[in-house]
Amino acid sequence: MSKEFYPISVKSIDNTTDDCVIISLDVPSDLKKIFSFIQGQYLTLKTMINGEEVRRSYSLCSSPLDSEWKVGIKKVPDGKFSSFANDILKERDTIEVMPPDGNFYTPIDVNQKRNYAAFAAGSGITPMLSIIKTHLASEPKSTFKLFYVNQKASTVILKEELEALKNLYMDRFEIYYFLTKQQRSIPFLNGRIDQEKLEIIFKSICNIDNTDHYFICGPEAMIHLINDYLKVAKVSDEQIHFELFGTDNKVADQKKEVLAASFKGKVCDLTIIEGGKQMTIQMEQGANNVLDEALNNSADLPFACKGGVCATCKAKLVEGNVDMLLSYGLEPDEIEAGYILTCQAIPTSEKLVVDFDV
Ligand code: FES
């Protein structure tokens with residue numbers, strides 16, 4: 001996967017709700033191969049805002065079958081990139097885009113009859129739309145049940161597209177909309193998904209014994225709740241796929257404080273290998289993360305979310321020790337093989353060698 005950025009023109013910008021835009025990118029023919037993607041993957045966008053370089057990752061909501069590159073960007077309070085995308089970005093503007101990446105998918109098998117369940121909250125619907133559309137179109141016998149949480153009916157992102165899919169696959173696609181700030185006559189559909197609602201869902205709507213895969217995308221608390229429920233019900237890890245939209249920085253901050261106090265005053269020689277080049281810098285153990293320290297010293301390294309989710313900053317730990325604040329973006333076999341997320345890796349040894357080239 002290329003971690004280079006490419007200048008891409010904005011083909012169109014459409015509002016799906018008052019505070020969420022769908023941006024369609026005009027990927028030129030010579031870049032279509034490098035920008036080919038799998039349902040559920042994301043793009044990292046980069047631009048300069050008030051003299052500062054800002055990067056963010058957004059899931060593709062289009063299907064690879066459409067040969068379109070669309071991302072949904074919901075405006076969040078104090079969100080630099082999301083405000084820029086909603087208020088300033090225009091059609092035909094150019095932004096820098098890194099080719100698609102991400103592991104939030106299960107392979108398509110045209111011959112299988114599979115039953116899928118999806119749980120999404122707010123903008124967590126963006127990769128889900130791509131996943132649902134692709135599986136339903138490519139696997140003619142498969143079914144999907146979507147449980148989707150929003151604040152109000154007017155803030156349901158991609159509602160038209162979801163309803164169009166429901167009409168197209170009436171006997172294979174069901175949607176249950178939950179609203180947290182608007183009361184409706186069916187109590188079950190009022191409020192966020194909790195333990196009680198999960199009991200009802202898995203007793204009356206979704207048969208856990210014949211559901212093959214679960215997709216979950218939204219805030220951390222929702223993901224943990226559903227993941228824990230499924231684990232207790234003996235659903236295997238291979239059947240559960242989740243994508244975090246935002247992480248709990250409090251946990252990372254607390255861990256960081258403890259590390260800073262325990263390693264105070266100790267020095268680490270950090271060697272970075274990237275693009276065949278090598279640089280060594282001195283930093284304090286237990287203090288900053290490897291990525292930020294290297295960027296502060298003018299290294300040119302790949303990164304996007306800086307939140308331990310996207311894995312763009314992944315590298316191999318060749319020598320030394322680090323403590324990871326968060327590591328959602330790594331698969332168990334990658335951790336086993338010695339990979340780290342440099343944006344979350346705090347040095348805890350006198351020498352550290354980190355290789356971005358392997
Ligand atoms: S930059 Fe996204 S996990 Fe490090």
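Predicted model: local features only at pLDDT ≥ 70, side-chain atom pairs only at ≥ 80, totals over all residues.
**Entry 1: helix H5**

Next I looked at H5 itself. Helix H5 covers residues 220–232, which makes 13 residues. From first C-alpha to last, H5 reaches 18 Å, close to the 18 Å expected at 1.5 Å a residue.

Which residues of H5 are buried? I found Met222, Ile223, Ile226 and Leu230. Looking down the axis of H5, I saw its buried residues fall within an arc of 100 degrees, so they line one face of the helix. I noted the general rule here: an α-helix has 3.6 residues a turn, so residues three or four places apart point the same way.

Then I turned to the face of H5 that points away from the buried side. There I listed the exposed residues Ala221, Asp228, Lys231 and Val232.

**Entry 2: two residues with positive phi**

I looked up Asp78. Asp78 is not a glycine, yet its phi is positive, about 60 degrees. I placed Asp78 in the loop between strand E5 (69–74) and helix H1 (80–88).

Is Asp78 buried or exposed? I count Asp78 as exposed, because it has 6 C-beta neighbours inside 10 Å, and 12 or fewer means exposed.

Leu158 came next. Leu158 also is not a glycine and has a positive phi of about 60 degrees. Its loop runs between strand E8 (143–150) and helix H3 (159–168). Leu158 has 23 C-beta neighbours inside 10 Å, so I count it as buried; the cut-off for buried is 20 or more.

**Entry 3: strand E12 and its partners**

I followed strand E12, residues 267–274. Eight bridges join E12 to strand E13 (residues 277–284), and the two run antiparallel. In this pair, Thr271 stands opposite Thr280 of E13. The hairpin of E12 and E13 has two residues between the strands, and Gly275 there takes a positive phi near 60 degrees.

How many bridges join E12 to strand E18? I found five, with the strands running parallel. E18 covers residues 351–355. Asp269 has Lys351 in E18 as its bridge partner.

**Entry 4: the domains**

Last, I stepped back to the whole chain. It is divided into domain 1 (6–101), domain 2 (115–244) and domain 3 (249–355). The C-alpha centres of domain 1 and domain 3 lie 28 Å apart. Four residues of domain 1 are in contact with four residues of domain 3. On the domain 1 side of this contact, I noted two polar residues, two charged and no nonpolar.

Notes
Residues numbered from 1 in each chain as written. Domains from an automatic or database assignment. Contact = placed C-beta atoms within 7 Å. Nonpolar A, V, L, I, M, F, W, Y, C, P; charged D, E, K, R; others polar. Pairing = 2+ DSSP bridges. Helix = DSSP H or I, 4+ residues; strand = E, 2+ residues; numbered from the N terminus. Expected span 1.5 Å × (residues − 1). Arc of directions from axis to C-beta.
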